[in-house]
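Please look through the sequence and the three-dimensional model shown here before reading on. The report is written for someone meeting them for the first time.

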2 protein chains.
Amino acid sequence: MRQAGTNLPKVGRYNRAVVLDQIQLADGISRREVAQQTGLTPQTVSGIVRRLLEEGIVREDGASKGAGGGRPPTTLRINPDAGCAVGLHFDPAELTCVVVDLLGRPLLSKRHAIRPGAVPSDVVTAMADLVGDVLAEVDVPRSRVLGLGLACPGPIDQDLGLVLAPPQLAHWTRVPLTQMLSDAVGLSVTMDNDATAAAVGERWSGAGRGVANFAYFFFGTGIGGGLVLNHQVYRGGSLNAGEFGHTGVLPGGPACYCGNRGCLESLVSPSAIVAETHRRLADQRGGSVLWEPFSGDPATVDHAAIRMAAAAGDQLAGAVIDEAARHVASVAVNVVNITDVDLVVLGGRGIRHVEERYVDAVVSAVATRPLSRTVRVVDVALSPLGADAAVVGAAALVLHATYSPQLSALLAH
Amino acid sequence: MRQAGTNLPKVGRYNRAVVLDQIQLADGISRREVAQQTGLTPQTVSGIVRRLLEEGIVREDGASKGAGGGRPPTTLRINPDAGCAVGLHFDPAELTCVVVDLLGRPLLSKRHAIRPGAVPSDVVTAMADLVGDVLAEVDVPRSRVLGLGLACPGPIDQDLGLVLAPPQLAHWTRVPLTQMLSDAVGLSVTMDNDATAAAVGERWSGAGRGVANFAYFFFGTGIGGGLVLNHQVYRGGSLNAGEFGHTGVLPGGPACYCGNRGCLESLVSPSAIVAETHRRLADQRGGSVLWEPFSGDPATVDHAAIRMAAAAGDQLAGAVIDEAARHVASVAVNVVNITDVDLVVLGGRGIRHVEERYVDAVVSAVATRPLSRTVRVVDVALSPLGADAAVVGAAALVLHATYSPQLSALLAH
């Protein structure tokens, strides 16, 4: 693919998105401030805002905060009720569906379990039923629903709308899920992998709002990653950027299905943490609140139980989590050295209850180990979207595709 | 910094650069092909080409290759003599200066040794003399010299034109080198770190021509890196992206000045390779062509001698180089997993004579270990600019700043 030129209509759409982005990022902003922030002329901003007001996407709202003397300039805000987006997170074990307003705030969410071994058509039916239930309950007219965002475990083929052989869904090879789901629910569907969706959610309404460059570590079934570089979601040459989970941290460590050895995921995935905890419990035969449940039925000592024990102060569980957090921190240092991001965000349900242990390890590492620390220290944030990062991110995929200033659209052929 | 809008004059300059880029990449191209490649209308392309012809930057050149029946369309080519750029590589031990034509082809180059402990004003004088000598000898009128590109060891402060405390130049802290050099030679100066300059050179006239996403491993005094993502040089939030040399490969390995332990540079820099070779020679006391010179004067067994011995088939030297190459390959896998580039390029004088060993190790690793290898296998290339990558890259900084389509200019405030 060659580098493309641009033209007036594309520039118009792009500038409209840039203005909307500023209004969405600010908690009230004047036309003059939008012009200052974007480098657009006041005339261009006025014209764009007039059309956004006519369409009801933006509303005027009294005086701008911090305005000086004279007639206070009118404040612009997003009208959160002008539309909504549906998000669907497809986890191998569970579907989660959410409806969010234009600011990315969840209005309602629901869950539905998937039985092991479910075939694609069953899952699509369950997805369509869940979306129907949620939309009926939240009572939004269909005309206001901008679309459906779908977050799936990777790898996916975004152009074809396919799920490509996810490791946990052995017979789900090359399923045209986007088309099947769009036919079943009657909405346009935007699909991405769960980690990228979570990063987009973070950019829209989480810790990544207005941050030019950030890396997102997503703790789900595995360890996914998302990158926003120069204000754009960065997907890479084959749409597989941000595979932080498969970068190496321990030469000669455990073999991973990815082809690498000692990669992060092989050491800190839920199953790796469970295996390591079970090994230590079997060795020590006590000295942990997990010993009794483990000696009764090892299966009860799962990832959630280990995280809760660590959070409650159990030393054995805490040591396993802290070791995992140190490996994550080493990869965060590598990501910072390679991509020079401004911010590292941690999120997803896989760090629930032990968020601080992971954040502390990463904060300490990025403050002391990247070469660029002498120029500035990278920020670290816990996702405010928490365990819902992927499903809220799925809905944000729609808002992002509809409203965000995307260079790919500015430069598309 | 907020995401900026754009306007008509910026779009005009950007599209001009996009057209010029296509003409520079092709070995003869018609106006129609330029329009197809860039998505611009034939009218826009015609207008831009007319002005480029008037300015003498582009020339018409008979029939386009592969044209069908009818009147053959006119072929457009860059006029390599329309201008030239000067490149200067500031290595702590040596200055190298080159003049290149508009296609990035070297016309003449010269070297000048720097004595240890030289102060900034001495070095600037030596730089100005060297540039003056080269320009006098190559006999190009000053009016055709587009500018001077300067490649320095990092870290640098690009906005201020400063060199920030390079490790090998202890008392060179915050020197305003760009301004000093510009005053001394009477040319505008564009500065970047040596690895980024080498990547820009690769994009202009080397292995990275027309490649949307590539990572460049630069083997100089240390191990530098450069990234081109989405056709743009990616510099990161603090202009320190691409520090591949300081990513970790061996937990608990040797401490590095960067703050990390077991990072690539601490294991495979010239001094690390020399230390490891000396250690093995002292242990084995023979079994290598390097033993005799080592037992006479260890200082004679330097990085170049070790690389040459490895190239000549010496087992001990070959084993040290191969171990270094395996560490580089591991980092290449991490870079591919994180950035999903299409191509990895290796260059710089630090791999001279043993290029194949490094290329082979990286080829083998990126074919088997990144997660995305199931989607496509990343290309690996040796820099055709070889040991001159940094100085030719320095000159290419000027061509890049003058002619390349840069989104930062399209979106600048």
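## Basis of the model

This is a predicted model, in which local features need pLDDT of at least 70 and side-chain atom pairs count only at pLDDT 80 or more, while totals for chains, interfaces and linings use all residues. Residues are numbered from 1 along each chain as its sequence is written, and chains are lettered from A and ligands numbered from 1 in the order in which they are written.

## Domains and copies

Chain A is assigned domain 1 (8-78), domain 2 (82-201 + 391-410) and domain 3 (211-383), with bounds that come from an automatic or database domain assignment. The centres of domain 1 and domain 3 of chain A, taken over C-alpha atoms, are separated by 40 Å.

The same surface serves both copies, since 100% of the contact residues of chain B recur in chain A; residues are in contact if their C-beta atoms, placed from the backbone, lie within 7 Å.

## Around Ala82(A)

Ala82(A) is found in the loop between strand S2 (74-78) and strand S3 (84-91) of chain A, where strands are DSSP runs of E of at least two residues and helices are runs of H or I of at least four, numbered from the N terminus. Ala82(A) is partly exposed because 16 other C-beta atoms lie within 10 Å, a count between the limits of 20 or more for buried and 12 or fewer for exposed. Leaving aside residues up to four places away in sequence, Ala82(A) touches Gly56(A), Ile57(A) and Leu102(A).

## Strands in both chains

In chain A, strand S4 (residues 94-101) and strand S5 (residues 106-113) run antiparallel and are joined by seven bridges, pairing being defined by at least two DSSP bridges. S4(A) and S5(A) form a hairpin with four residues between them, and Gly104(A) in the turn has a positive phi of about 80°.

In chain B, an open sheet of five strands has the order S13-S12-S11-S14-S15, with mixed pairing. Its edge strands are S13 (232-234) and S15 (379-382), each of which pairs on one side only.

How values were computed
Contact = placed C-beta atoms within 7 Å.
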